[in-house]
Amino acid sequence: MNLEKHLRVPPSGFKLGDCDTGDQLGLTKEDAEPLRAKQLERLDELQERLYAESRQALLVVFQAMDAAGKDSTIEHVMSGVNPQGVQVVSFKQPSSEELDHAFLWRISKAAPERGRIGIFNRSQYEEVLALKVHPELLEKQRLPAGDRGPDFWNGRYDDLNAFERHLDRNGTKVL
């Protein structure tokens with residue numbers, strides 16, 4: 001079975017409402033375990049190559065609500081790799097130092113160096129998701145006065161896209 005074909009998100013995106021979140025691809029837990037073991041071996045091999053070449057990095061972003069299973073997914077998926085080659089960063093409420101910088105500063109600072117796998121538990125997307133839901137948090141960033149309408153948010157979207165293009169051009173693949 002080609003799991004990648006069934007699980008990969010197309011570049012055009014997807015709508016969660018169109019997905020069967022209970023789909024197990026016809027696999028039982030017993031069927032899935034040998035597949036998982038094989039994929040963990042492959043992940044370990046690829047991590048070794050990534051580290052040895054030290055020309056690229058991988059950044060895996062987990063973005064979900066609290067109690068959605070981010071921590072257990074990270075633990076489960078990364079259980080087959082050398083922990084010395086992985087750095088996990090959990091983004092909580094920004095510190096006063098972080099609030100004194102541009103909104104992508106702390107994200108950029110936490111990006112993995114070449115040869116490593118970085119995992120973000122929450123991410124740069126919080127800077128749009130959480131702040132649109134809780135606009136009072138935006139005030140804590142002490143931004144210059146100005147309109148916080150659609151143009152402001154479109155600017156943030158542009159910044160996020162430019163940041164990911166920057167990472168990609170410099171060898172960091174973002175998943």
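I began at Q87 and listed its contacts (heavy atoms within 4.5 Å): A110, A111, P112, E113, R116, I117, G118 and I119, leaving out residues up to four places away in sequence. Q87 lies in strand β2; helices (H or I, at least four residues) and strands (E, at least two) are DSSP runs, numbered from the N terminus. Its relative accessibility is 17%, so Q87 counts as buried (under 20% relative accessible area, 1.4 Å probe, protein chains only).

I noted the ground rules. The model is predicted, with pLDDT of at least 70 needed for local features and 80 or more for side-chain atom pairs, while totals for chains, interfaces and linings use all residues. Numbering runs from 1 along each chain as its sequence is written, and side-chain values use heavy atoms, without hydrogens and water.

Next I checked helix α2, residues 29-53. Its 25 residues should span 36 Å at 1.5 Å a residue, and the end C-alpha atoms are 35 Å apart, which agrees. The expected span is 1.5 Å times one less than the number of residues. I found L40, Q47 and L50 buried in α2. These pack against β1 (57-62), α3 (70-77), β2 (86-90) and β3 (117-121). S54 follows α2 with a positive phi, near 50°.

Then I looked up the nonpolar cores (buried Ala, Val, Leu, Ile, Met, Phe, Trp, Tyr and Cys residues joined through side-chain atoms within 4.5 Å). The largest has 17 residues; L104, I107, F120 and W153 touch the most other members. Its largest share, five residues, comes from α8. A second, separate core of nine residues includes L50, V60, V86 and I117.

Technical notes:
Buried < 20%, exposed > 50% of the residue type's maximum accessible area, 1.4 Å probe, protein only.
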